[in-house]
Amino acid sequence: MALNLTHQTGAAAIAATPAPGARASVFAAASPAAAAAAGSVVAPAQAASLRVQAQMVEPAQPQAPDMFQAMAPDQQQQGEAAHPDAGGEEARKVGVPVFVMMPLDTVRKDGSALNRRKAVQASLAALKSAGAAGIMVDVWWGIAESEGPGQYNFAGYIELMEMAKKAGLKVQAVMSFHQCGGNVGDSVNIPLPKWVTEEMDKDQDLAYTDRCGRRNYEYISLGADTLPALKGRSPVQCYADFMRAFRDHMAPYMGNTICEIQVGMGPAGELRYPSYPESNGTWSFPGIGEFQCYDRYMRASLKAAAEAVGRPEWGNAGPEDSGSYNQWPEDTGFFRREGGWNTDYGQFFMSWYSQMLIEHGERILSACSSVFTGTPGVKVSVKVAGIHWHYGTRSHAPELTAGYYNTRNHDGYLPIARMIGRHGAVLNFTCVEMRNHEQPQDAQCMPEALVSQVANAAKEAGVGLAGENALPRYDETAHDQVLATAAEKAEEDRMVAFTYLRMGPDLFQPDNWRRFAAFVKRMTETGVRDVSREQVEREAQGVAHATQGVVQEAAVALCN
């Protein structure tokens, strides 16, 4: 069934008027009749024959700064071509630059300084010697604005930028508006700012909520994006103010040291719903997860959307037979092979649920563009989750609960790529190191097929694609897979950057470090010079020997 699905944010549906400065795509109508009077909704009798036509937010003008000039000035001086713009339109004659993720707790929780300063200094020197382009670091909302609304403390981050600058490394700065703790790889706990969680305690519908009423404090519900619920500001306004403060505090480093802003849009910094939380044993791999649409703002939006298509009974709640976090698709009525996902109702619900996520991304990218447009040498990126389990089924249940309307019959990633492209941003995707046969086959995991689908979507949308490894891997098998996926391709199909997970004592173990040095050389020199793998290994051994002292220092300091 194809529907004309015209809808809006949950906050707007509750408030009856859009928040000041809000950019919701459609103002909510209280009923089909009222909406029809406004000219935004078709008559119920026509709804069944019309296609989904979700109106989009007015796009921002794409940015096209020379990102590669910011990332690899040495290669630029040697006459290499510039890094492509966000659409990948400029030819690139270089390999894929490699960045390394910093530890989650790089900056102290009070924001005043770095943790393990000596370790950071030694680590940066080692990375530079190995040929890495730079580092990625989380700029935690829960650290830098913890004291109160508008009270920013970026001192620890400024210290890191200065150290990176002196080391000759670039920085990808992640605007981390989510909680650290409760997801894969989270080794520390950094909650949202206390003044934010206090407001969420007062109005728990600001938190994502599942069918059983479990509240998730990882990230503020997108249903409240435009609601002035945080001391008079909306969440999107808070995000914009934070990014503006970061830009102003980091002015000396913008475009020369800081080359990328990755803007967080959900749990783990990814554009998705918190459908598979690991905290308290709620979810475990490879469960299908649960829909997160039961706070009152999301439910108000669903209700308005159902009324708009003349099916008010569809607006009461999400699917009743979609199972629980740790079930498998065939255990449920909604996700099984011929289940409800492929009915008229299922198509309506998934169109609404996924479009709400896309509009959330649109709002935040609009805010981000308003802050960083006009900042030469700085790109913006968005991270999309690599949900590869049950990919081989028809319904792709875990992707659906996360907000990606990707099934055997429907491409869920092209609309996301196009949204990202409208803002001149880069799509950052994970699980690049994984191979199908390494994953549980009974769960029909297909990471290689998933990465290929997302790469095709990015290419069709004219969007630059960057990559990450989902889990820490230091072996050559994983490195070979990343190379095959990201670098060993025609120039136009190569990734624009790769970020390596993660800096820590394990990376600096002698064998791991030697393999990493070889990996960086192979990634960055693809398309630059034709050398044998044996020669690369010899050169990497030389790097490992030359950096032995600083690497040992880093490994010891990181363990303290």
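Over what distance should the 14 residues of helix 18 (residues 533-546) span, and how far apart are its end C-alpha atoms?

Guide: Please bear in mind that this is a predicted model. At 1.5 Å a residue, the 14 residues of helix 18 should span 20 Å. The C-alpha atoms at the ends of helix 18 are 20 Å apart, which agrees with that expectation. Within helix 18, the buried residues are V536, A540, V543 and A544. Viewed down the helix axis, these buried residues fall within an arc of 95°, so they line one face of helix 18. On the face turned away from the buried side, helix 18 carries the exposed residues E534, R538, H545 and A546.

In one of them, the rings of Y152 and F242 have their centres 6.1 Å apart and their planes at 70°, so the pair is edge-to-face. Y152 lies in the loop between helix 7 (141-144) and helix 8 (155-167), while F242 belongs to helix 10 (residues 235-249), so the pair ties together parts that are 90 residues apart in sequence. F242 is buried, with a relative accessible area of 0%, whereas Y152, at 21% relative accessibility, counts as partly exposed.

Notes. Residues are numbered from 1 along each chain as its sequence is written. This is a predicted model: local features need pLDDT of at least 70, side-chain atom pairs count only at pLDDT 80 or more; totals for chains, interfaces and linings use all residues. Side-chain values use heavy atoms; hydrogens and water are left out. Helices (H or I, at least four residues) and strands (E, at least two) are DSSP runs, numbered from the N terminus. The expected span of a helix is 1.5 Å times one less than its number of residues. Buried means under 20% relative accessible area, exposed over 50%, partly exposed in between (1.4 Å probe, protein chains only). The arc is that of the directions from the helix axis to the C-beta atoms. Rings of Phe, Tyr and Trp (its six-membered ring) pair if their centres lie within 6.5 Å; planes under 30 degrees apart count as stacked, over 60 as edge-to-face and the rest as tilted.
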